Amino acid sequence: MKTILLATDFSKAALNAANYATEMALTINADIFLLHICTLPVSYGEIPSSVNADDMAIDAERNISNLKTELARNAAGKLSIETEVRIGIFFNELSAVCEQIKPYAVVMGSQGTTAAERILFGAHSTYAMKHLNWPLITVPVEAKFSSIKKIGLACDFDHVTDTIAVDEIKMLINDTHAKLHVLNTGKQNAFSPELIFESGLLQEMLNDLTPDYHFITSENVEEGIISFAEKNQIDLLIIVPKQHRMFYQLTHKSHTKQLVLHSHIPVMALH
């Protein structure tokens, strides 16, 4: 049985992601695993730290139980939902749970409600997209799940056999019955023998999915991808973190908005 792991901090963005994950689970016939990770604040006293941990865990158990009840009600009892609260370093605990349950995908909100939540949970989601070896979907606070009809794959045609998770993409396309659009993020006038060879390999790898291919020629890769995705009503955008050059452009330019935090479209990182 497929399982969607929903990592939540109970913020408005996380609640929206929870609703998104619930609808997606119903669509692909998956279970939900609700996870909250209590990250302890820095403390210089042993007793206050212990008390804080206990209080945080109690509050988290109450909140996650309430969220489970709400999601089950919204799904009319058609979903199997498990919950777990952990205390520790966010990424370490998330990775440990992933290794334990081997999720179909991890779902997170891409930003919190307050400035502090945007900094903290936004940092968590961006870090997880770079390093988590499981499919991770970040859901913008305004994104709603209706269906996934069009999926975009942003790819710079560089070492495609080493970086493109073909089996996972095929499974996602088959489960959602979506149309795949491959977005070439290189420049159209920068053709080379290597580019032609790599593009041919990718076409062969994805041939049975009959994808459409598009060139993103904007100087600003992030803006070009977002513009294409919004104009063509892409429902889910896949990026490949191991294509370091493109991912660096998407997440590290200080003078541009980060794709993960500012896209209006859910983004999936697929290693």
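Q: Is His271 buried or exposed in this predicted model?
A: His271 sits in the segment after strand E10 (267-269); helices (H or I, at least four residues) and strands (E, at least two) are DSSP runs, numbered from the N terminus. Buried means under 20% relative accessible area, exposed over 50%, partly exposed in between (1.4 Å probe, protein chains only). At 18% relative accessibility, His271 therefore counts as buried.

Q: Which backbone oxygen does the side chain of His271 reach at 3.2 Å?
A: A polar contact is a pair of N or O atoms within 3.5 Å; within protein, one must be able to donate a hydrogen and the other to accept it, and residues adjacent in sequence count only if both atoms are side-chain atoms. A polar atom of the His271 side chain lies 3.4 Å from the backbone oxygen of Lys130. The oxygen reached at 3.2 Å is that of Leu132.

Q: What are the numbering and confidence rules here?
A: Residues count from 1 along each chain as its sequence is written, and side-chain values use heavy atoms, without hydrogens and water. The model is predicted, so local features need pLDDT of at least 70, totals for chains, interfaces and linings use all residues, and side-chain atom pairs count only at pLDDT 80 or more.

Q: Which residue of E9 stands opposite Leu153?
A: Strand E6 (residues 150-155) is mostly covered, with five of its six residues buried. Two strands pair if DSSP finds at least two bridges between them. Three bridges join E6 to strand E9 (residues 236-239), and the two run parallel. Opposite Leu153 stands Ile238.

Q: Which residue of E7 stands opposite Gly152?
A: E6 and strand E7 (residues 179-184) run parallel, joined by six bridges. Opposite Gly152 stands His181.

Q: What span does helix H3 reach from its first C-alpha to its last?
A: H3 covers residues 90-101, twelve in number. The expected span of a helix is 1.5 Å times one less than its number of residues.

Q: What is the angle between the planes of Phe91 and Tyr127?
A: Rings of Phe, Tyr and Trp (its six-membered ring) pair if their centres lie within 6.5 Å; planes under 30 degrees apart count as stacked, over 60 as edge-to-face and the rest as tilted. The structure holds two aromatic pairs. Tyr20 and Phe145 form an edge-to-face pair, 5.1 Å centre to centre, with 85 degrees between the planes. Phe91 and Tyr127 are also edge-to-face, 5.1 Å centre to centre, at 85 degrees.

Q: How many residues apart in sequence are the parts tied together by Phe91 and Tyr127?
A: Phe91 is buried at 18% relative accessible area, whereas Tyr127 is partly exposed at 41%. Phe91 lies in helix H3 and Tyr127 in helix H4 (residues 115-131), so the parts tied together are apart in sequence by 36 residues.

Q: What is the relative accessible area of Gln233?
A: Gln233 lies in the loop between helix H8 (221-231) and E9. Its phi is positive, near 55 degrees, in a residue other than glycine. Most residues other than glycine have a negative phi. Gln233 is exposed, and its relative accessible area is 60%.

Q: What is the C-alpha to C-alpha distance between Glu61 and Glu84?
A: Glu61 is in helix H2 and is partly exposed, at 42%. Glu84 is 23 residues from Glu61 in sequence, and in space the C-alpha atoms are apart by 8.1 Å.
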